[in-house]
Amino acid sequence: MQKAARADNKHDRILKAAITVFARNGFFNSRISEIAREADVADGTIYLYFKNKDDILISIFEESLAEILQKLNDYMAAHTSALDRLHAFVQFHLEQTMINPPLAEVLQVELRQSTKFMKEYQKVTFAKYLDVIQDIVLAGQASGEIRKDVHPGVVKRLVFGALDELALHWVLSRKRYDLKESAEQLARVLVDGLRADAAGAHGETV
């Protein structure tokens, strides 16, 4: 039992160390030896858990996003209205960006530097994250809150694209300004645009 706990601890330490190193040096300029030193483990220990740097990067994404998804479900539990849930989703996403700047930098910038990730990653966990938005839209359309002349698949990509751009700008600016006002502005635009009574003369699609 203690051995398993120690093993898990090393796994977590390596990932946390990699986030620090990748954010500090950039993905391409980081070495396994630096990650090992930051995690206080032997170089060879890294390879007991991960195949290479790309594998570490993908694991950071997968495990971080899985944890964020769990937090998101808890965060949105208090919201029943579809439009309130969409508003909460926007707030939550940008709050997570501010909570852990090194992780935000790895996810927003360094992840894009991995050819393996961009070409080979299956995006299963990421799809689940996007589907939270799609489910909100579908539920809102069913309840009459959200206009029916919009496609949920388009909306989920539109929402994530806007959030991704705001988060990327925040990371690259280095100013670390408060994203709450940006979240409020984006949420208002989305909620007002998707509200059923905003459909007006557009009507419903068949």
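**Notes on helix α5 and its two partners**

1. Helices α5 and α10 run roughly antiparallel to each other, because the angle between them is about 155 degrees and anything over 145 counts as roughly antiparallel, and so the pair gets that label. Keep in mind as you look that this is a predicted model.

2. Where do these two sit along the chain? You'll find α10 at residues 180-194, while α5 covers residues 82-99. The axes of α5 and α10 lie 9 Å apart, and their crossing is right-handed.

3. Now for the side of α5 that touches α10. Leu83, Leu86, His87, Val90, Gln91, Leu94 and Met98 are the α5 residues here. Across from them, α10 brings in Lys180, Ser182, Ala183, Glu184, Leu186, Ala187, Leu190, Val191 and Leu194. Sorted by class, this contact has 11 nonpolar, 3 polar and 2 charged residues.

4. Next, have a look at α8, which spans residues 124-143. It packs with α5 at an angle of about 160 degrees, and the two axes are 8 Å apart. That angle makes α5 roughly antiparallel to α8. The crossing of α5 and α8 is left-handed, whereas that of α5 and α10 is right-handed.

5. Which residues of α5 meet α8? They are Ala82, Arg85, Leu86, Phe89 and His93. Their partners in α8 are Tyr129, Val132, Ile133, Ile136 and Gly140. By class, the count for this contact comes to 7 nonpolar, 2 polar and 1 charged residues.

Technical notes: Residues numbered from 1 in each chain as written. Predicted model: local features only at pLDDT ≥ 70, side-chain atom pairs only at ≥ 80, totals over all residues. Heavy atoms only, no water. Axes fitted to C-alpha atoms, helices over the stretch in contact; angles between N-to-C directions. Helix = DSSP H or I, 4+ residues; strand = E, 2+ residues; numbered from the N terminus. Parallel < 35°, antiparallel > 145°, perpendicular 65-115°, else oblique. Left-handed = near helix turned anticlockwise from the far one by under 90°. Contact = heavy atoms within 4.5 Å. Nonpolar A, V, L, I, M, F, W, Y, C, P; charged D, E, K, R; others polar.
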